[in-house]
Amino acid sequence: MTSRGNAKQFERLAMLHRPDCSLLQEGTEPPADPQAGLAGLISDHLVDYAVEVRPIYEALRRVVGQIAGLLILAQLTRRAEVLELPELLACQARCEEAEERLRALTEKRGVPAAHVRALDTCHRLCRAILDFFPQWRRSMDPDGEFALMEERLRAAYQHLSASSWDKGGLAMIDFRNACCSCETQISKN
């Protein structure tokens, strides 16, 4: 492919979904009522915790998704412009927001330690990827750098999945009802 073709492919891939894309917001946001799913809880403390932890979970869920997209774009194009995309800045800001909220949550007494630890681990892995992301451009082995970031991303996803909590309204995205034919194909097999 010519450099002009590479530039067009980069632009097309980078423009699929901007940070303010309404499709992303509508497709990934949980129900608007943060109290949904919490009616069965007995403890007021757990309800309060669910309300506080939900924005952290949602921010980390978006960060994991954005990192995945940025890694794919960087691997496909190998273009330095990936490091200048507003999506990268938005992802870093969202990760910082999650960190601030996590710090405030961990300072409270009586929060479920294992749950907070899973979210914190997810955050630390995402932060490590974002801090390391620019390094692939200077590396002698960019494929090795991408492999390390992908490994960390898989671990972050696992910790985030482990922190899912249906009663607290914390759920990973379910693509089974997406607008593509994937579910149809799975159902037929």
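Colleague: Which residues does leucine 71 touch, leaving out those up to four places away in sequence?

Modeller: In this predicted model, leucine 71 touches Phe133, Phe146, Met149, Glu150 and Leu153, once residues up to four places away in sequence are set aside. Leucine 71 itself lies in helix 3.

Colleague: Is leucine 71 buried or exposed?

Modeller: Leucine 71 counts as buried, because its relative accessibility is 2%, and the cut-off for buried is under 20%.

Colleague: How far apart are leucine 71 and phenylalanine 133, in sequence and in space?

Modeller: They are 62 residues apart in sequence, while their C-alpha atoms are 8.4 Å apart in space.

Colleague: What about the nonpolar core, how many residues are in the largest one?

Modeller: The largest nonpolar core has 39 residues, and those with the most contacts inside it are Tyr49, Ile67, Leu119, Cys126 and Phe133. Helix 3 (44-77), helix 4 (86-106), helix 5 (113-132) and helix 6 (142-162) each supply at least two residues of this core, and the largest share, 14 residues, comes from helix 3.

Colleague: And what does isoleucine 67 touch?

Modeller: Not counting residues up to four places away in sequence, isoleucine 67 touches Cys91, Cys126, Ile129, Leu130 and Leu153.

Colleague: Cysteines, then: how many disulfides does the structure hold?

Modeller: The structure holds zero disulfides.

Colleague: Which residues of helix 4 are buried?

Modeller: In helix 4 the buried residues are Glu87, Leu88, Cys91, Arg94, Cys95, Ala98, Leu102 and Leu105. Seen down the helix axis, they fall within an arc of 125 degrees, so they line one face of helix 4. The face turned away from that buried side carries the exposed residues Leu89 and Glu100.

Colleague: How far apart are the end C-alpha atoms of helix 4?

Modeller: They are 30 Å apart, which agrees with the 30 Å that the 21 residues of helix 4 should span at 1.5 Å a residue.

Colleague: Switching to charges, how many salt bridges are there?

Modeller: The structure holds eight salt bridges. One of them joins the side chains of arginine 61 and glutamate 58, at 2.8 Å from N to O, and both of these residues are buried.

Colleague: Which residue does aspartate 120 form a salt bridge with?

Modeller: Aspartate 120 forms a salt bridge with arginine 124, the closest N and O atoms being 3.1 Å apart. Both lie in helix 5, four residues apart, which is about one turn of the helix. Aspartate 120 is partly exposed, with a relative accessible area of 28%, and arginine 124 is partly exposed at 48%.

Definitions and conventions
Residues are numbered from 1 along each chain as its sequence is written. This is a predicted model: local features need pLDDT of at least 70, side-chain atom pairs count only at pLDDT 80 or more; totals for chains, interfaces and linings use all residues. Side-chain values use heavy atoms; hydrogens and water are left out. A nonpolar core is a set of buried Ala, Val, Leu, Ile, Met, Phe, Trp, Tyr and Cys residues joined through side-chain atoms within 4.5 Å. Buried means under 20% relative accessible area, exposed over 50%, partly exposed in between (1.4 Å probe, protein chains only). Contact means heavy atoms within 4.5 Å. A salt bridge is a side-chain nitrogen of Lys or Arg within 4 Å of a carboxyl oxygen of Asp or Glu. A disulfide is a pair of cysteine sulfur atoms within 2.5 Å. The expected span of a helix is 1.5 Å times one less than its number of residues. The arc is that of the directions from the helix axis to the C-beta atoms.
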